[in-house]
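Keep the viewer open as you read.

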Amino acid sequence: MGHLVNLPGGLAGSQGIGYDYVLGSGGLYVQSESAHLTARIPAAPAAVRGLAPVTEKVTLHHGPIPAHVFELGLSWMRSDPDTERFFAVGWDGNAYRLVVPPQAGTATSLTYRSPGRVVAEFHSHGKHAAFFSVTDDRDEQGFRIYGVVGRLRDPRPELALRLGVYGHFAPLRWAQVFDGPPSPALRLSGPGTATTLTNLHTRR
C-alpha cells in the first residue's frame, strides 16, 4: 500500500502497488485502480487543516453493467429462494457476462470460491432482508462492486449495493452500476438508496 498527502501544491508521498491511502482536508481516503475499476472513497472523515480537498470518484472502465445481466442472475437465485446463492459479473474482453462458480448453499450459509478478475459479486440471503452482514464485511475484502439480494420469496425481492476497496465500503445506487432501469419487481434497499458517493463516473 502507499501513503499520500494532498498538500495545496499537489500530492506528496509514495504510491503503493495495490492501493493507496490519501489524506486530505476532508479526512482519509482509500484509492485503487484495476483493469475494470478506478475508485477513491472515504475511509475516515475528519477535518484536517492545511491540506487540499480530495474528491470521491468511481469509474467503471467498460461502462455500466447491462441490467439484463443482473436479471439473469436474479432469476437463477429466485429459482431456489430458500438457498443462499452466489453469482458474479465479469468482463470477457467484449461484454459483461454472468459467472456462476461451484458453490454449496443452505438456508443460512454459503460456501464458494470467489472468482478472480470480476467486476461485481452478488449473493442472496434467501427469505431474509438484503443487508451486508458482519460475515459479508469479513469475506468481501476485494476491489469490486458487491450486492446482496434478500426476501426472494416476496413478490419484490430486495437489493443492496456497495463498492468495496480492500475492506473499506461505500454504498451505491442502481443507476451508478447498471445500464437501464431496475425491474419493477425489484425493491432497492439499504443505505445505498439514500447515501451514495458524490462523484461517480461510468466510461464506455
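Start at Y166, which counts as partly exposed at 32% relative accessibility; here buried means under 20% relative accessible area, exposed over 50%, and partly exposed anything in between, using a 1.4 Å probe and protein chains only. Y166 has a phi near 50°, a positive value in a residue other than glycine. You'll find Y166 in the loop between β14 and β15.

A word on the ground rules: this is a predicted model, so to speak of local features takes a pLDDT of at least 70, side-chain atom pairs count only at pLDDT 80 or more, and totals for chains, interfaces and linings use all residues. Residues are numbered from 1 along each chain as its sequence is written, and side-chain values use heavy atoms, with hydrogens and water left out.

Now back to that loop. It belongs to the hairpin of β14 and β15, which has two residues between the strands. Strands and helices here are DSSP runs numbered from the N terminus: at least two residues of E for a strand, at least four of H or I for a helix. Strand β14 covers residues 158-165, and β15 covers residues 168-172. The two pair in the antiparallel sense over five bridges, where pairing takes at least two bridges found by DSSP. In this pairing V165 stands opposite H168 of β15.

β15 also shows two faces. In a regular strand, side chains alternate between the two faces of the sheet. In β15, H168, A170 and L172 make up the covered face, while F169 and P171 are on the uncovered one.

On its other pairing, β14 runs antiparallel to β13, and eight bridges join them. The loop between β13 and β14 holds R151. R151 is another non-glycine residue with a positive phi, near 50°, and with a relative accessible area of 29% R151 is partly exposed.

How much of β13 is buried? Eight of the eight residues of this strand (residues 143-150) are buried, so β13 is largely enclosed by the rest of the structure. β13 also pairs with β12 (residues 118-124), this time in the parallel sense, over five bridges. There, E121 stands opposite Y146 in β13. Between these two strands comes helix α2 (residues 134-139), and β12, α2 and β13 together make a right-handed β-α-β unit. Right-handed means that, with the strands pointing away from you, the path from the first strand over the helix to the second runs clockwise.

Next, the charges. Side chains of opposite charge can pair when their charged atoms come close. For a salt bridge, the cut-off is a side-chain nitrogen of Lys or Arg within 4 Å of a carboxyl oxygen of Asp or Glu. A search of the whole structure finds eight of them.

As for burial, R162 is buried at a relative accessible area of 6% and E140 counts as buried at 4%, whereas D137 is partly exposed at 29%.

R162 has ring contacts, too. A charge sits over a ring if NZ of Lys or CZ of Arg is within 6 Å of the ring centre and within 35 degrees of the ring normal. R162 lies over the face of F132, at 3.9 Å from the ring centre. The charged end of R162 also sits over the ring of F169, 3.6 Å from its centre; F169 belongs to the uncovered face of β15.

Elsewhere, D80 forms a salt bridge with R85, the closest N and O atoms being 3.9 Å apart. D80 is partly exposed at 26% relative accessibility, while R85 is buried at 17%.
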